Each structure stands twice: as C-alpha cells, then as structure tokens.
Amino acid sequence: MQPETKKFELVCPAGSLPALKTAVDNGADCVYMGFRDDTNARNFTGLNFDLANAKEGVRYAHAKGRKTLLALNTYPQTSGWQRWTSAIDNAAELGMDAVILADPGLMQYAAKTHPGLRLHLSVQGSATNYEAINFYHEHFGIQRAVVPRVLALAQVEQLMSKTQVEIELFGFGGLCVMVEGRCALSSYATGDSPNTCGVCSPPKAVRWQETPQGLESRLNGILIDRYGKDENTGYPTLCKGRFDVAGETYYAIEEPTSLNTLELLPELMRMGVAAIKIEGRQRSPAYVAQVTKVWREAIDACRRNREQFAVKPAWMNELGKVSEGQQQTLGAYYRPWK
Amino acid sequence: MKLSLGPLLYYWDSEKVNAFYDAIAQSPVDIVYIGETVCSRRHLLRLEDWLEVAKKLSDAGKEVVLSTQTLIESESDLKTLRKITGNVNFRVEANDMGAVRLLANRVPFVAGPTLNIYNPQTLQLLAGMGAVRWVMPVEMSGAALAAMQQSLPEGMETEVFAYGRLPLAFSARCFTARHHNLQKDDCQFRCLDYENGLTLKTREGQPFLTLNGIQTQSARVYNLLGEFADLRAGGVGVVRISPQAYHTEKILHLFRETLEQRLPPSLALTQMEKLMPELPCNGYWHGKPGLDFIPQPALAASA
C-alpha cells in the first residue's frame, strides 16, 4: 500500500531545448525528452536533442532544481541494439534523473551497466496490472511505471494497492485509444510503428488533396478522412479518421479529441499518484508554456485545499485552445467512455 | 516444421465452438492454442469448458496450449489468469508480462506474440525464465527474424503467425459495442453477431480493418504460404494459422500439403483464394506496410 505522497510531480514534454526551458520556467517538476533518432517514441524530423543540447537541457533544469527524464521507449531490433545501449550510456553520463524504458532486454542492460541509474517503465511497456508492474520491479528494479490510458480510475487505485512501484498517469494531451506498445495499426498502413520506429501515422506518409468531394487526408494512399467546407481539419492519425462500418460513416475508433483530467486532480492526489504526465513532445514551446502554466496553477491550488478544489473556467478555456479537435475527454478514467 | 492453430479470436456460441474443435481434433494440425485472449466479457465458455476442449484435443493427440488474455485490467482478470497459469495439465502461452511473472522459473511456457520480443537479449531473458517457444511479433520482418535466429537460445522454438487476419491492436474501448452505440459494460454481447469480425472500410470502400470487440485486426488476410522456403530456411519451428468462421480445416489441410511438399505453394495459394474472407497480404514479412501483398517472383512465374 502506498502512502499518500507529498510529491505529485508535473512531468512536461520537451521536444526541443526551447520547449524544455519553457517547461521549466512555467513550473514543470520534471521534463522528459528524447535523443534525435529512433530510440524514442517521438522520432520526428526537427525534434529532440543531440548530445550538446541534452547537456544544456540537463544543466538548465538542474540549476533550477528540476529533473530530466530520458525517453528510450522504443524496442530495439537486433541490428540497432548498440544505438540503444549507447543512448543509455549517454543518459547516465549526462546525469539524467531517470530513463524511461519499454524493452526488457534494455532494462537488464541498464540495471547491470548503470546500477545507479533510476528506471521508469514506459507506457509503451503495456503494463496494465500489478503482476506485470511487479515483474519489471523484481527483475530490473523499476521505480516508477507509466500506466497505459486504458484503465478506469478504480482500476488504477486497485493496482496501486498491490505494488510499491510509483505510478505516473497521463493527465493531458493526445489520447491513444489503444494500449500503448500493443498497437501495430501504423505499421500495417505505413510500414513504421511506434514500437520499432518511434512514430505513429508518420508525416512522410501523409498527403492532403482537394477534391470535388472535399479536402481529403490520406496515409500511404489510404483515405483517412474527408472534410466538408466548414469542418475543422485534423492530423490524419489513423485511429481518428472517419470510416464506413456496415454502411454508417463515423469516427469508428475515436474522435479527434484530447485527454484532460484536470477535474480528477483531487482524486488523483488522494490516491497517491506520484506524477502526472503531459503528452506532446511534438508540440510547440507555446503549447508547452500554456499547458504547463495551467497545470502548475491547478496542482498548487489543489494541494493548498483539496476539498475546495474547483476547476477554473479560465484553465479549461486555455487548455481547450490547444486541444486536438478542440474537444476534451476523461478517456478511460471515466468508465462509461469505454 | 510444425503446424499450429492459434487461439480463437472471435466470439462464437458454445455449440459452434465445440463443433469447431471437434473438427480440429480430426484435422492435420500439431499444436492447438485455446482460450479467450480478447475480452473477459466473453463468458459462454468458462475456463472449465475450455479445459474440456483441451482434453478432447489432447486425447486426439494434439499438443494443447492455454493462451492467456492479452489485456489484463481487473482483479477478476487476474483471478482467471492465475487459474490458467496454475493448471497442471497443459502448457500456457503468456500474452502479458503479468502472466510471465506467474509462470517464470516455475514451468516451461510459450512467450506469446504480444510480449514484444524484438531482440535476442529479451528472448534470452525469457528463455532464462522458462520460455521454450516464442511467437514473433506480427509486425516483424523476415530479415529481422533471421537476425534473431542467429543467436536463438538453446532449445528455443520459433513460431510465426502465418495465416489469418492480423491481430493489430488492443484497446480499453470496445469498437463493436461503439458501433451499436452501446457502452462496453452493457455491450449485449454483439460480438456474437460477427463470426469473422466487423469490417471497417475507408469512405471509398476499401476494406481496411476488422473490428473484433476491443481488438482491431487487419481486413486483409496475412498469408505466408508463398514464403515457405524462407520460413524453412530460417529455422522456423512452428507456423500458426488463425481460426476463421469457415474453411479453417481446409486452410490447415493446404498448409499441411505445402509443408509436406506434396503441393507447390503457388497451387496451394490459388486453391486458398476462395477460402479467404478477404484479399491476402504479406507486407510485414518483406519489411513493407503490413497490408501490402508482394507476390513471390518464382510463384508469379509458375502461376
């Protein structure tokens, strides 16, 4: 059983050095980042850190008493193995406060080679129950697990009662409707998957085309969505398109929507959740600034007085502006969503 | 090379399931994986009933393996999982690290396709815990598998998903219930209406995916019959056929004939065309998008 934790860390995305500094300046307790290759699950052109940038990022965060976490959360295949182990060596050398891993082989390497390096289980590790989380704890000494966005809040609480591993939850941002680490839809359509390439519905496969029927978005030629004149367009993430099932056209898998759990804050704190994660390393420093600022304020307000905590309309308004599809949901935390 | 039948991924009524496995008991398959791997709400066959099926198959000389559920969320899911991993008669396929924890260093087990075994280090680790067979992730290419085979742990057997609609993703949400505007907790067991899943098409009519409750599959049928020479040369020990509502025994028969080299793959493929619910694909094996179909040059020439 976990004691109610005093720390309730706000973990913010840093896709670049400016984003990292913005996150720190606006009150992130931790920033998470990745190297500039396929060793992390946001392997996008122009994003992420080379060694010099990473060094400066760590220095900047540490100077202000904040932590840096390195995401190394893709699954190396035989030919790329050394790229991943070098990344772990570099993380240790840089003084990262933790590495976020999904691959068991890599965890074993990290635990053996750098026994002092703190390990977090990535959401890509697909651990949705305490037996799985305790497996990674027993074998590799992971100290925190990021739980996939598939559990109801009561299930999270039940899981927490049976493990000493800290639990980090997604609080805001893009919503994976599939169990992370167990979705190959992207590679089925495009050849590149989150597990092995660190991308989902990659930009290089995207085509936009104006047609008499409307504006069409395609992924490797597959029609993902078609927009009428007055409709807002969205990035063609393949699970968020409109498809035809038995003659009915609708968002068959998920609407373009963002996760927003601001109203659950008192409950998450009461449960003893260790950290809340903001998604969006691929987003701009402006997004990072806005979201970090709102969440910092909300967490501080909730910490001062949990019973009286109420979500301010201004916060929701600010977050609404940066949400995908301008819509927000509690996702699986709210059971009827399932 | 052995032939296996993967776990039944759809929800059929008990009568259909029992009739199906009666036929499988007489079919030319070596290994049969059984049990509910997709959704805990599918309860027409309880574990006790699955154990009956297991006995029937085992009596017919098949190697029977109990497959565990892929997405384990609740204490009740774990309770079922513990009963499976604790059974003393049949080998277990672990499809979640929670299952591995319950099996590790206790009994030999099969490391299932959703454990994400992508490199020799992870495979070695699982071998050390008792894994005696592993099933390659469906998205892995033939070339990546060949690299894995270079350092296969001693006594480890490699299994490849070689036929069927690909299980691509698992979710908290039930897409079949969603299609009927129902919540998952009140799904009215609509999966029973779709014995081969529910096809999702693009808005220009291209069959793209298959909705199967909380699981999303490919619409196309993964088929590695044309890659048999590769599989054999690569030291693959077991090829897996995934059950479908009709013609599964005929598919098994054609695979067996190809395996025994009594039928050339090109001919088997032609005969299989009308038995498949959708067009074939094999892109993953060739390191391409999974839905691609790359005809084998030799086969294309002989066809």
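Modeller: Gladly; we will go through the chain contact, a helix pair and some strands.
Modeller: This is a predicted model, in which local features need pLDDT of at least 70 and side-chain atom pairs count only at pLDDT 80 or more, while totals for chains, interfaces and linings use all residues. Residues are numbered from 1 along each chain as its sequence is written, with chains lettered from A and ligands numbered from 1 in the order in which they are written.

Biologist: At what angle do α1(A) and α2(A) pack?
Modeller: Helices (H or I, at least four residues) and strands (E, at least two) are DSSP runs, numbered from the N terminus. Axes are lines fitted to C-alpha atoms, for helices over the stretch in contact, and angles run from 0 to 180 degrees between N-to-C directions. Helix α1 (residues 17-25) and helix α2 (residues 51-63) of chain A pack at about 5°, with axes 10 Å apart. The two are therefore roughly parallel (angles under 35 degrees). Among the residues that meet are L20(A) and V24(A) from α1(A), and Y60(A) and A61(A) from α2(A).

Biologist: Is β7(B) buried or exposed, and why?
Modeller: A residue is buried if 20 or more other C-beta atoms lie within 10 Å of its own, with C-beta atoms placed from the backbone. In β7(B), 14 of the 15 residues are buried, so the strand is largely enclosed by the rest of the structure.

Biologist: Which strands of chain B pair with β7(B)?
Modeller: Two strands pair if DSSP finds at least two bridges between them. Strand β6 (residues 131-135) of chain B pairs with β7(B) in the parallel sense over three bridges, and R133(B) has E157(B) as its partner. Strand β11 (residues 238-241) of chain B is also parallel to β7(B), with four bridges. Strand β10 (residues 215-223) of chain B runs antiparallel to β7(B), joined by six bridges; there F170(B) partners Q215(B).

Biologist: Which strand of chain A is joined to β7(B)?
Modeller: Strand β8 (residues 178-183) of chain A is joined to β7(B) by two bridges, running antiparallel. C183(A) stands opposite A169(B) there.

Methods:
Angles under 35 degrees count as roughly parallel, over 145 as roughly antiparallel, 65 to 115 as roughly perpendicular and the rest as oblique. Two residues are in contact if their C-beta atoms, placed from the backbone, lie within 7 Å. A residue is buried if 20 or more other C-beta atoms lie within 10 Å of its own, exposed if 12 or fewer, and partly exposed in between; C-beta atoms are placed from the backbone.
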